[in-house]
Amino acid sequence: MNTFGIDYQRSSSVVFLREGVALNCLPKSVGDGLRTLVPNAADPDGLWASRAVNNRGPKLLSGSMSKDDLWLTEPGPSLFWKGLYQRCFSYLGQVEPTAKEGYRLVAAIQTSDYTDSAPRLEALCQSVGFEDAKCMLAVDALLSRWIWEQYSGEGKDVTVVAVGETVTEVRSYRVKGKTDHLFSISESGPSITLPGIGSASWLRRMLEEIHSRFKEPLPPGNDLVLHDATIEFVMRLGQSNTDQEIEWTGPFRERMYSVPRLSLHTCLEWPEVVDLQSSLSTVIQESMRSLGGQFSRDLTVIGGIGAIWPFVRHCVAACQTQSPIWQSSNPLEDVARGATYWPLLGEYPVAQAQPQTPIRSLDVSTAESAPKASGLPDRPPVLPPWKRQSGLKNTSRKGNANE
């Protein structure tokens, strides 16, 4: 089956679609038609995501970054997920994103109360039309991305750090290699959450600093513009040296009395970042001990939308270990991409319900090994109308999985 993967955070989401099961079938961004990072927003008049925020109507409903639980308080979430269903329907060329048409949805979430939030979100997804909808831990989705796109077959003890908006997760796994592309997860420790630690607080600090530089307050309606520019600024910061100052080149620069400049070294001194490093040092060691025995921590995988902030990697590296760190070139996509792979790597509810239960071995080098869901046969990707009418063939998607 084809899988929509969504990284469902408190105030924003990332949505990807993977069609097919072959190794060269890579996930594609769905977004909201305007941006990859989709605002969790909707209004009763039918506006959704970016368009709802840009309209700034009096009935706007959206998730707030000030809380660390999932956005499940009605009526906003139902309107958002109905809008997401319509977006998926349009993206597929007016094909219903249902099990009957060969589509399922896997939502990766980060919350301190997974056992309560997961069934509520699954019920919400199913109520708006996503018939085959399952939740999973974001940290498992990040592991899934690394396995599918980077795994080379050797056994490794892996610690995964998934940084979200308002929650950070850490979990350790023992991945046993057999032959090329054949693996098993013999053990996995519990997911350890750090509520209140994530990109929301860092983003608020940056936005407050930017707003403080304006000679006069900006007119309403520029929230998303500044948000996008700040994300871009942070990603530029990640490409600089530790002491190198990066200058703001984003919008409304001409309205500032002085232009913000920031270095990675300065960020490392923020109280929020000091707390991050201290907390990670504790929970990474705790996560490693949870498996018992000699956990060698051969690799640390970091990602999630909060991992675009470059100091996350520095904080993980400072946790008294010499193990290598793997991070993708675009952490913003990690969890959503990984969620699209998870059904191909095993029965996706298992890892949450029974952390110590091994996930069955799977040879990811062959499409036939992929599990089928809901008793339905796998279908080829549904062509959009313009390809059906033109008679174009549905060629395989090719790309380089290594980053």
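Student: Where is Ala307 found?
Tutor: In this predicted model, Ala307 lies in the loop between β15, residues 299–303, and α9, residues 311–317.

Student: Is Ala307 buried or exposed?
Tutor: Ala307 has a relative accessible area of 3%. Ala307 therefore counts as buried, since the cut-off for that class is under 20%.

Student: Which residues is Ala307 in contact with, leaving aside its neighbours within four places in sequence?
Tutor: Those contacts are Val163, Val312, Gln327 and Pro331.

Student: And how many residues apart in sequence are Ala307 and Val161?
Tutor: They are 146 residues apart in sequence, while their C-alpha atoms are 9.1 Å apart in space.

Student: Let us turn to β15. How many residues of β15 are buried?
Tutor: Five of the five are buried, so β15 is largely enclosed by the rest of the structure.

Student: Which residues of β15 point one way and which the other way?
Tutor: Leu299, Val301 and Gly303 point one way, and Thr300 and Ile302 point the other way. Residues on both sides are buried.

Student: How many bridges join strand β9 to β15?
Tutor: Five bridges join β15 to β9, which spans residues 156–163, and the two strands run parallel. Within this pairing, Thr300 of β15 is the bridge partner of Thr159.

Student: What about β16: how many bridges join β15 to that strand?
Tutor: Two bridges join β15 to β16, residues 325–326, and these strands also run parallel. Trp326 in β16 stands opposite Val301.

Student: Now the whole chain, please. How many helices and strands are there?
Tutor: The protein chain has 12 helices and 17 strands. Of its 403 residues, 55% count as buried.

Student: What share of the contacts with a separation of 6 or more comes from residues 24 or more positions apart?
Tutor: Such residues account for 68% of those contacts in the protein chain.

Student: One last topic, confidence. What pLDDT does the protein chain average?
Tutor: The average is 83, and 82% of the residues score at least 70. Over residues 347–403, however, the pLDDT is below 50. That stretch has 115 contacts in the model beyond near neighbours in sequence.

Student: How should the predicted coordinates be treated where pLDDT is low?
Tutor: They should not be read in detail.

Conventions: Residues numbered from 1 in each chain as written. Predicted model: local features only at pLDDT ≥ 70, side-chain atom pairs only at ≥ 80, totals over all residues. Heavy atoms only, no water. Helix = DSSP H or I, 4+ residues; strand = E, 2+ residues; numbered from the N terminus. Buried < 20%, exposed > 50% of the residue type's maximum accessible area, 1.4 Å probe, protein only. Contact = heavy atoms within 4.5 Å. Pairing = 2+ DSSP bridges. pLDDT = per-residue confidence, 0-100.
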